[in-house]
Amino acid sequence: MEHTEKLYYAQPPVLEFTARVLDCQPDKGGWQVVLDRTAFYPEGGGQPADRGVLGGVRVLDVHERGGLIRHLTDAPLPVGAAVEGAVDAARRLDLTQQHSGEHILSGFLHSMFGAENVGFHIGEDTLTMDTSVPIPPEGLAAAELAANRVVWQDLETRAVWYEKEQLAALTYRSKKELEGPVRLVTMPGADCCACCGTHVQRTGQVGQIKIVEHIKYKSGTRLLVVCGGRALARHRLLDDQARQAGAALSAPVEGLAAAVRRQKTELEEAKFRLVGQENRLFARLAAAEAAPHPLVIEPGLGPDGLRRLAAALSEGRPGVCFAASEKEGGGMNYAIACTAPGADLRPLCKRLNEALDGRGGGKPGFVQGSFAAGPDALGAFWAGCDFTE
């Protein structure tokens, strides 16, 4: 069978074309269609496949095997027929912006820090880049600025095929040894790399390159990056979030960080005062309890408050002390404490969890958890407990 002519390498990009159907076979999820020529880029090298329409049917995926480009379609096409194809232009531009932006940034990470790109993938929201060496935040910022300067210069890119004998005289990045023919993609002033993907005609089409996250990964650094339209969409999202946060804090976006720090301080001070007030309440509740094994249900307490209430109830009292609070939406949180020598609350905790559909555990003198039952069921369970065991 003939090889497929690859129109997706043409510049300016070919997004609409006519081709002849060479083969069409049923396949899981659709039909595998082979053409004599195609502008649909097949998945490879970290870049997802193009999508679009072919002969009136949808192209769901594209792969290359043995020199043939196979299009997964949602309906069959007649073998021998001439069909018109249309690549999803918006998707192609997005993937091309991400791929070209990755090349530019990778080139500077390599020249500035000796970092090899050991992993690359264009995802739905961000592109992922893995470097061979760790790079500090200030280094990433410097490389990001240098990469965007190349974008701003709007330089013409080049994609040229070279034979084996020509490669020896050239300097380029590659993850493996290549013999040719090899396609080298050059981003002037930034990078020259062996690549089979689609790229912009000029660096200005990348729009912007922004590193949105970086983490330590294996022996190097993993970067999450957005370029072009994705960078603009992220900026709009963050701007909207910042404006909403500013409105909630009665602060301009430019003063948002200071407003957040101020509110954090105020909340910490309020929490400190609340804990003090709760501890005084817990002491009064403990003093008012005459039962040797008290059960106290106090509204509005979280796990930490229940722990402190159970501790207050058990102070100076050898009995089993139970503190509980109803949860929003149903069920209850609980904490049980006992200071008696040799006490082990874990069997009681197990019986409670089984009886009230709960979960929890802890140490011999203190257990904590939650259960699905309500106060009435808890009261009945507690009334039936034999604390002489």
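Author: Happy to. The open sheet has five strands in the order S16-S17-S18-S20-S19, with mixed pairing; strands here are DSSP runs of E with at least two residues, helices are runs of H or I with at least four, and both are numbered from the N terminus. Two strands count as paired if DSSP finds at least two bridges between them. S16 and strand S19 (358–363) are the edge strands, and because each has a single partner strand, one side of each is left without a neighbour in the sheet. On average, neighbouring strands of this sheet are turned by 15° against each other, direction ignored; the axes are lines fitted to C-alpha atoms, for helices over the stretch in contact, and angles run from 0 to 180 degrees between N-to-C directions.

A word on the source: this is a predicted model, in which local features need pLDDT of at least 70 and side-chain atom pairs count only at pLDDT 80 or more, while totals for chains, interfaces and linings use all residues. Residues are numbered from 1 along each chain as its sequence is written, and side-chain values use heavy atoms, with hydrogens and water left out.

Now look inside the sheet. Strand S18 (residues 332–337) pairs with strand S20 (residues 366–371) in the antiparallel sense over six bridges, and Asn333 stands opposite Ser370 in S20. Helix H7 (residues 346–356) packs on the sheet and touches strand S17 (321–326), S18, S19 and S20, where contact means heavy atoms within 4.5 Å. The direction of H7 makes about 175° with that of S19. Helix H8 (residues 375–383) also packs on the sheet, touching S16, S17, S18 and S20, and its direction makes about 175° with that of S16.

Glu298 sits in the loop between strand S16 (295–297) and helix H6 (303–314). Glu298 is buried yet has no salt bridge, and the nearest side chain of opposite charge, Arg284, is 8.8 Å away. Buried means under 20% relative accessible area with a 1.4 Å probe, protein chains only; a salt bridge needs a side-chain nitrogen of Lys or Arg within 4 Å of a carboxyl oxygen of Asp or Glu. For charge, Lys and Arg count as positive and Asp and Glu as negative, with His and the chain ends not counted. Leaving out residues up to four places away in sequence, Glu298 touches Leu281, Leu285, Leu309, Ala324 and Ser325.

Notes: Buried means under 20% relative accessible area, exposed over 50%, partly exposed in between (1.4 Å probe, protein chains only).
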